Amino acid sequence: MAKFESSIRQIDFPQAKVYAKLSNLENVEAMRDKLPEDKVKDLKFDRDSLTLTTPMGAVKLEIVEREEPKCIKFAASESPLPFNFWIQLLPVTDSSCKMKLTIKAELNMLLLGMVKGPLKEALEKIADVLQMIDYD
């Protein structure tokens, strides 16, 4: 099992607000314009899942666990590669929090060599988008 982590990001909104927005995937609509159109296509979502087409193929993520207000765990129910993804949130002050994204994927050594760079880059880009959102 390979593990990839984003850098820790400061978000200038309270942990509870960030969690509330990210734990309901219907709020993805507010982020749609921040997603790279050349990398993400056919984005569809409801409260608990989202589907999209990426350069690697179709992906469907479903929320499998919510631990309010600190963690949201996802599992890929459709994907070229089996993986889990989670968002961790920790309070810093009453008006800010820290966020870290993690992906765990079952990859053989050949695949690991091919996808390590792109997965790490994708994780950082997702963190960039989540850091720029207005959580009010």
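Q: How many helices and strands make up the secondary structure of the protein chain?

A: First, keep in mind that this is a predicted model. The protein chain has 2 helices and 8 strands. Following the sequence, their order is β-β-α-β-β-β-β-β-β-α.

Q: What does the radius of gyration say about how compact the protein chain is?

A: The idea is to set the value beside what a globule rule gives for the chain length. Here the radius of gyration is 14 Å, close to the 14 Å from the rule for 136 residues, so the protein chain is as compact as a globular protein of that length. For the extents, the C-alpha trace spans about 45 × 25 × 25 Å along its principal axes.

Q: Which share of the residues is buried, and which share of the contacts links residues 24 or more positions apart?

A: Burial is judged by relative accessible area, with under 20% counting as buried. By that cut-off, 38% of the 136 residues in the protein chain are buried. As for contacts, take those with a separation of 6 or more: 49% of them are between residues 24 or more positions apart.

Q: How should I read strand pairing, say between strand 5 and strand 6?

A: Look at the sense of the pairing, the number of bridges and the connection. Strand 5 (57-67) and strand 6 (residues 71-78) are antiparallel, with 7 bridges between them. They are joined by a hairpin through 3 residues. Within this pair, E67 is opposite C71 of strand 6.

Q: What is the bridge partner of C71 in strand 7?

A: C71 has Q88 as its bridge partner there, and A75 is partnered with N84 of strand 7. Strand 6 and strand 7 (residues 83-93) pair antiparallel over 5 bridges, and a hairpin through 4 residues connects them.

Q: How many bridges join strand 7 to strand 8?

A: There are 10 bridges between strand 7 and strand 8 (residues 96-105), and the two run antiparallel. A hairpin through 2 residues links them.

Q: Where does P69 lie, and what kind of peptide bond joins E68 and P69?

A: As background, most peptide bonds are trans. P69 is in the loop between strand 5 and strand 6. The bond between E68 and P69 is cis, with omega about -5 degrees.

Q: Is Q15 buried or exposed, and which residues does Q15 touch?

A: Q15 has a relative accessible area of 13% and is therefore buried. Q15 belongs to helix 1 (residues 15-22). Leaving out residues up to four places away in sequence, Q15 touches P69, K70, L89, L90, P91 and C97.

Conventions
Residues numbered from 1 in each chain as written. Predicted model: local features only at pLDDT ≥ 70, side-chain atom pairs only at ≥ 80, totals over all residues. Heavy atoms only, no water. Rg over C-alpha atoms; globule rule 2.2 N^0.38 Å. Buried < 20%, exposed > 50% of the residue type's maximum accessible area, 1.4 Å probe, protein only. Contact = heavy atoms within 4.5 Å. Pairing = 2+ DSSP bridges.
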